[in-house]
Amino acid sequence: MGTLFFFHPAIPRLPLSSVPKPIAFPPPSCLRSEGNKNVDISQTISNDGQNVKQDNIWQSFKEAQQNILFLNKQRLGAIEELEKTSREKHSLLQKIKKLEAEKQAGAGKDNLSTCSELLLRIDAMVLSSMISPGEASELRSSVINHKVSLADVFNIISRKKDPELLGELRHFSHGHKKSGFHIVHICTEMTPMVPRGSVASYVTGISRALQRKGHLVEVILPKYASLNLDEVQGLREVNIEAYSYFNGQLHGNRIWTGVVYGIGVTLIEPKYFSSFFNREMIYGYPDDFERFSYFCRASLDYMVKCGKQPDVLHLHNWETAIVGPLFWDIFVNQGLGGTKILFTCHGFNSQGIEQPDKLALCGLDPLKLHRPDRLQDNTNTQLVNILKGGIIYSNRVVIMSSIYPKHIIVHNLSHELEPTLNDHRDKLVIAPYGLNKSTWDPSTDYFLPENFNAENINGKAVCKVSLLQQLGLSEHSSSILVGCIIPEGCDLDEKRVKEVILNANQHDVQFIFLGTSERSVLNQTLESLREELKDDNLKLLPTYDEALLHLVFAGSDIILCQSFLDPTDEIPLIALRYGAAPIALTSDASTNRVIPFERNFINQDHEATMYSKLINSSFSNMSLRLAVDEIRTSTATWKQKIMQAMAHDLSWDGECYDLHFAAYSAIKNM
């Protein structure tokens with residue numbers, strides 16, 4: 001009869017070398033009597049052999065288990081390394097594509113940069129008395145009219161001496177009719193050199209939009225010690241001192257010129273009052289009026305010395321509002337008769353309230369200006385209001401407000417300036433902020449696995465799947481993905497965020513929270529939330545990742561915003577651009593309503609911006625729960641709403657440009 005072998009499926013077969021050798025048993029006669037018991041020695045030995053065999057088998061089993069665990073650990077590590085390498089490769093490819101796109105787009109920028117650099121060199125020739133202001137004006141017109149072909153004619157400008165460059169300019173000049181506006185900003189901020197707030201992003205954004213439309217834009221700034229000069233091309237000091245009036249004397253200034261994003265930039269550095277802008281902060285000092293009135297007077301003195309004759313002087317907030325009275329009382333008859341003033345107000349919280357006698361520092365007459373119809377403050381009548389002067393002494397006033405219409409601003413947000421704004425209501429224009437469409441455009445975004453636009457949003461579903469896979473979230477088709485981008489400098493309301501997440505947990509909603517800075521406080525808050533909630537449908541990512549940021553916008557159905565009222569917050573604009581509904585965190589989860597900042601005011605004022613009408617008609621009064629319900633119950637209607645929102649041009653080139661161009665055109669025709 002054959003021998004039967006039984007193998008437990010969990011126990012591996014052992015190699016022959018591991019099988020214990022046979023044990024020699026003694027003969028059966030070898031019995032030992034112990035009292036009344038007989039002990040079978042051969043049986044005892046047999047049991048011992050069986051125990052040894054079982055011990056060997058279990059030892060081999062344990063070793064096999066350890067080997068399997070080790071190999072599995074190695075396999076998981078290899079998979080993780082492979083995925084990391086794949087992500088790095090993808091990120092590198094995206095960066096290469098982005099650089100290639102920027103290189104291709106740079107062809108147009110070269111002409112703008114060349115134009116701006118030539119104009120700045122012409123300024124230097126006037127300051128050194130090489131040419132007259134009249135000839136400088138003719139040369140500027142020639143440069144402006146031919147800016148499309150300048151890069152082909154004038155190469156390596158920075159290496160050429162002024163006489164050589166002047167000869168080429170005179171040869172190039174043809175005196176064709178001027179096209180487009182020549183605009184000079186006198187301001188205190190500009191990204192990326194002074195990336196402080198709404199003024200900085202606005203100056204750069206609207207200037208680039210204007211230049212793309214064929215206008216020429218220049219910017220004059222103080223030369224702060226804290227300037228970021230990384231993006232300034234061809235920065236050079238003009239080797240001639242420019243003098244300006246202040247406190248009864250002429251004072252020398254160093255003049256620096258360069259080009260930023262194709263925009264000519266002039267930096268004014270006081271010599272005697274060197275401490276004015278050699279400080280840690282831009283604003284917030286007791287002598288801010290002295291600092292900025294000095295800069296404003298120096299800017300106008302410099303322009304007259306150079307023979308600049310722009311179509312529009314564009315001023316910003318109270319810090320440069322004093323240019324208005326200076327222009328009309330002193331400078332308009334110094335070759336600037338064809339120039340008009342546009343004043344942009346970014347808010348009324350800070351108005352520049354000062355003693356009247358300080359106006360004399362920059363050459364103004366306090367007695368002439370300290371009047372109710374001029375600079376006298378409406379509340380503290382013994383003082384002067386510099387912001388009020390900017391409104392009165394300008395040809396147009398642009399109030400930047402993406403949400404509020406004119407009547408709300410005038411009646412509720414003007415901080416005692418309502419009578420002044422009412423008197424000048426006809427020259428008030430409300431304009432929205434914009435975004436940089438070259439950076440934020442889902443139809444060309446190289447960070448996305450598939451592009452899409454308002455006409456065809458199929459690529460958005462691909463982006464959503466890619467985002468879920470990348471973050472390890474469930475790819476269930478019915479899930480709604482909510483992104484929350486936490487901007488730099490924002491204080492996250494941890495309690496409010498927890499309420500939103502817990503309230504949405506019952507509705508199959510997934511959340512992604514992405515930080516845009518390396519702030520340790522924000523990271524700690526996100527980590528605390530992660531530990532407390534421990535939700536598989538929640539991803540908290542405190543580390544900034546540019547590619548992931550673009551993918552979150554593209555893949556999310558909803559983007560949570562801090563509010564719609566912060567002018568520096570581009571998140572609602574980008575969300576709409578990428579087909580995601582912007583929902584404010586101020587929504588009241590328990591009552592399904594938004595905490596109102598001004599209900600239904602659009603019906604009261606037709607002078608609201610298109611962006612304001614879009615937000616208030618579709619998203620401002622919608623809570624997260626209402627948005628989720630509408631996505632589930634009215635899918636087709638929701639999709640149509642999103643596609644219509646995407647079709648709006650919310651960039652600087654859209655509504656914001658149109659309103660500014662109309663304002664420039666109106667004042668030039670006065």
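Start by selecting His-346, Gly-347, Phe-348, Asn-349 and Pro-567: of the 35 residues that line the second largest pocket, these lie nearest its centre. The model is predicted, so local features need pLDDT of at least 70 and side-chain atom pairs count only at pLDDT 80 or more, while totals for chains, interfaces and linings use all residues. Residues are numbered from 1 along each chain as its sequence is written, and side-chain values use heavy atoms, with hydrogens and water left out.

**The second largest pocket**

A pocket here is an open set of points on a 1 Å grid over the protein atoms alone, with protein on both sides within 12 Å along at least five of seven lines; a cavity is a set where a 1.4 Å probe fits but cannot get out, and lining residues have an atom within 4 Å of a point. The pocket has a volume of about 800 Å³, a volume being the space filled by probe spheres set on the points, with grid points joined across faces, edges and corners.

Next, colour the elements around the pocket. At least two lining residues each come from α5 (198-212), α7 (317-321), β12 (396-400) and α17 (571-577). Helix α7 gives the most, with three residues. Helices (H or I, at least four residues) and strands (E, at least two) are DSSP runs, numbered from the N terminus. By class, the lining has 18 nonpolar, eleven polar and six charged residues. In this scheme Ala, Val, Leu, Ile, Met, Phe, Trp, Tyr, Cys and Pro count as nonpolar, Asp, Glu, Lys and Arg as charged, and the others, Gly among them, as polar.

**Phe-348 and the cores**

Stay on Phe-348 and show its contacts (heavy atoms within 4.5 Å). Leaving aside neighbours within four places in sequence, Phe-348 is in contact with Leu-387, Ile-391, Ile-399, Ile-409, Leu-413, Ser-414, His-415, Leu-417 and Leu-421.

Then select Met-190, Met-193, Leu-313, Ile-322, Phe-348, Leu-359 and Ile-386, which touch the most other members of the largest nonpolar core, a set of 98 residues. The largest share of this core, ten residues, comes from helix α6 (residues 288-306). A second, separate core has 66 residues, including Ile-480, Phe-513, Leu-573 and Leu-624. A nonpolar core is a set of buried Ala, Val, Leu, Ile, Met, Phe, Trp, Tyr and Cys residues joined through side-chain atoms within 4.5 Å. Buried means under 20% relative accessible area, exposed over 50%, and partly exposed in between (1.4 Å probe, protein chains only).

**Helix α16**

Move to α16 (residues 546-555), where eight of ten residues are buried. The buried residues are Leu-548, Leu-549, His-550, Leu-551, Val-552, Phe-553, Ala-554 and Gly-555. Show what they pack against: α13 (458-471), β14 (480-486), β15 (509-515), β16 (538-541), β17 (558-561) and α17.

**Backbone stops**

Select Thr-191 and Pro-192, whose peptide bond is cis, with omega near 0°. Pro-192 sits in the loop between β3 (182-186) and α5.

Asn-317 is not a glycine but has a positive phi of about 55°. Asn-317 is found in helix α7, and counts as buried at 17% relative accessibility.

Glu-416, another residue other than glycine, has a positive phi near 75°. Glu-416 is in the loop between α11 (406-412) and α12 (418-423), and is exposed, with a relative accessible area of 55%.

Now select Met-610 and Ala-431, which are 179 residues apart in sequence and 9.3 Å apart in space, C-alpha to C-alpha. Met-610 belongs to helix α18 (residues 610-618) and is partly exposed, with a relative accessible area of 42%.

**The second largest cavity**

The count comes to three cavities of 30 Å³ or more. The largest share, three residues, comes from α1. The classes here are one nonpolar, three polar and three charged residues.

**The whole chain**

Zoom out to finish. The chain has 21 helices and 20 strands, and 50% of its 670 residues count as buried. Of the contacts with a separation of 6 or more, 74% are between residues 24 or more positions apart. The accessible surface comes to about 32,300 Å², of which 51% belongs to carbon and sulfur atoms. These areas come from the Shrake-Rupley method with a 1.4 Å probe; for residues, only the protein chains shown count as cover.
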